[in-house]
Amino acid sequence: MVTDKVTPKSKDVSGWYNDIVLRSGLADYGPAKGTMVFRPYGFAIWEKVQEVFNGVLKTKGVENAYFPMFIPYSLLETEKEHVEGFSPELAIVTIGGGEELKEKLVVRPTSETIMYSMWSKWYQSWRDFPILMNQWANVVRWEKRTYLFLRTSEFLWQEGHTAHVEHEEAKEMTLWALEQYRKLYAEHYAMYGIVGKKSKKERFAGADETYTIEFLMPDGKALQGATSHDLGQNFAKAFNFTFQSRDKDSAYPWQTSWGLSTRSLGGMILAHGDDTGLILPPKLAPVQVVIVPIIFDESESEVISYAKKIEEELVAAGLRVKLDTRDYSSGFKHNEWEMKGVPVRIEIGPKEAEQNKVLLKFRIKEGKELVDSNELTKQIENHLKTDQEQLFEKSKKFVEGNTSVVEDYEQFKEVMTNKRGFIRAFWCEDEECESKIKAETKATTRCLPLDAKKEEGKCVYCGKKADYRWYFAQAY
RNA sequence: CGGGGCGUAGCGCAGCCUGGUUAAGCGCACCUGCCUUGGGAGCAGGGGGUCGGAGGUUCAAAUCCUCUCGCCCCGACCA
């Protein structure tokens with residue numbers, strides 16, 4: 001057991017982050033470079049995300065499937081931009097069963113190629129459309145630097161893929177997925193993000209348009225939370241994926257793909273935690289309520305049976321409850337569960353058992369309240385609801401408070417040197433300006449917000465005509 | 001791929017410079033017992049190491065030399 005204090009978040013964000021992820025039991029480093037282990041406490045959060053998002057997919061008629069992780073190199077090569085975009089970070093299998101392979105196998109960095117090559121075999125008629133599929137999978141992108149959850153060689157995600165007869169319908173699908181991510185983040189992760197469109201340079205390799213949701217982390221850097229791509233007919237053409245349309249012509253379908261990865265958990269940890277440790281939003285917390293019995297020899301059985309009764313009541317109300325009867329001191333348990341970010345703690349000792357009350361402690365609030373056990377379930381449910389909302393409000397305030405609107409490049413540079421965070425500035429949408437800004441300030445374009453208004457502006461870098469204010473930030 | 005750092009018990013480290021009586025140590029964790037539990041308890045006892053690997057120097061190597069493997073951090077790169 002770990003007994004010393006965690007690195008303060010206020011002092012060293014990444015030190016705090018590593019410390020807290022390891023010690024809270026969310027994850028650990030794997031033995032091979034760049035890999036990580038999702039420990040049960042961490043994986044439980046991801047399972048919750050899966051449960052929620054599977055429900056969302058179902059409402060749209062998206063079905064789950066699973067495609068192989070090994071992709072013949074030639075398949076990946078079929079879409080030129082795609083392979084160029086990914087080749088620096090591919091893991092490739094050259095030997096299998098002790099023999100050199102005739103054709104190298106790529107460990108999937110994403111599944112467009114393998115899925116669409118299969119689809120082209122399965123679907124021939126306009127009657128088969130739209131095709132709506134999702135898979136939960138691991139993907140591999142060879143990263144040189146490891147950061148638990150945020151940057152690992154292998155990570156978990158869901159990737160949704162669709163194919164439509166009409167482009168308009170595909171575009172709607174892309175925006176639908178983006179909106180689902182925004183909602184998932186807002187309502188479950190309790191995180192406020194900026195949704196928008198990526199610049200050409202930041203686009204997914206092989207897409208016509210990429211949409212994103214961007215978050216701001218406590219150190220002032222931006223984290224891409226999920227992406228949704230309008231693939232046009234690029235992959236369909238590359239894979240000769242055609243169908244017979246209603247008017248008898250052979251046609252290429254319009255496709256989309258969109259993904260959310262376990263990186264989102266890293267963002268959530270960074271966004272909400274404090275010097276004490278994790279703060280988990282109630283909807284995703286694996287344990288919502290922990291019960292810590294305060295045991296003295298003479299009252300042990302009485303306290304435990306009362307605690308069990310309380311546990312049963314809360315479980316019956318649909319709450320995720322843990323009764324911690326381990327033989328550690330109660331003070332130790334308090335600190336541990338606070339570090340693990342459990343939203344609500346109940347302390348039960350002889351006094352409470354006798355009076356039919358419990359002592360309530362909320363993770364995000366100072367002080368404890370003595371509560372009548374009849375009121376307990378309702379009080380906890382209310383608290384979890386407001387807790388969830390407050391975390392979101394806090395996140396929103398943070399983003400708003402750390403977004404700077406700048407009018408010229410001097411201001412831009414000054415913000416990047418001192419405050420960082422999001423910068424809203426006019427940009428002419430010329431790639432050269434984008435590259436130079438990045439080289440000089442480390443800031444990249446994050447997105448053009450969906451609700452951006454067209455204005456008469458001048459590019460913050462070159463001074464030429466610019467229509468929109470883009471979001472800039474240093475990316476993770 | 002560049003720069004830096006580190007491999008000694010589960011984790012964190014000391015010992016290395018100046019080789020040997022410190023013939024492998026410390027803190028935490030772990031196990032047993034007693035005791036204890038209202039904010040990170042205490043006492044006593046105990047288990048656990050081919051000192052990353054290979055080779056060399058030497059009467060003698062965790063310690064010196066050579067090679068090698070691995071990891072971490074910073075940068076570059078990165079959906």
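In what order do the eleven strands of the open sheet run? I read S3-S7-S8-S14-S11-S10-S9-S22-S25-S21-S20, with mixed pairing. Strands S3 (63-64) and S20 (403-405) are the edges, each pairing on one side only. For the terms, strands (E, at least two residues) and helices (H or I, at least four) are DSSP runs numbered from the N terminus, and two strands pair if DSSP finds at least two bridges between them.

A note on the source: this is a predicted model, where local features need pLDDT of at least 70 and side-chain atom pairs count only at pLDDT 80 or more, while totals for chains, interfaces and linings use all residues. Residues are numbered from 1 along each chain as its sequence is written, chains are lettered from A and ligands numbered from 1 in the order written, and side-chain values use heavy atoms, without hydrogens and water.

Next I checked one pair: S9 (194-197) and S10 (209-216) are antiparallel over four bridges. Val195 stands opposite Ile213 in S10.

Then I turned to RNA strand B. I found 37 residues near it, with Phe86, Arg145, Ser329, Ser330 and Glu352 the closest; "near" means a heavy atom within 4 Å. H10 (330-339) is one of the elements that supply at least two residues of this surface, and H10 gives the most, six.

Last, I looked up polar contacts (N or O atom pairs within 3.5 Å). A polar side-chain atom of Ser329 is 2.6 Å from a phosphate oxygen of RNA strand B. For Ser330, a side-chain N or O atom lies 2.5 Å from a sugar or linking oxygen of RNA strand B.

Notes. Polar contact = N/O pair within 3.5 Å; in protein donor to acceptor, adjacent residues only side chain to side chain.
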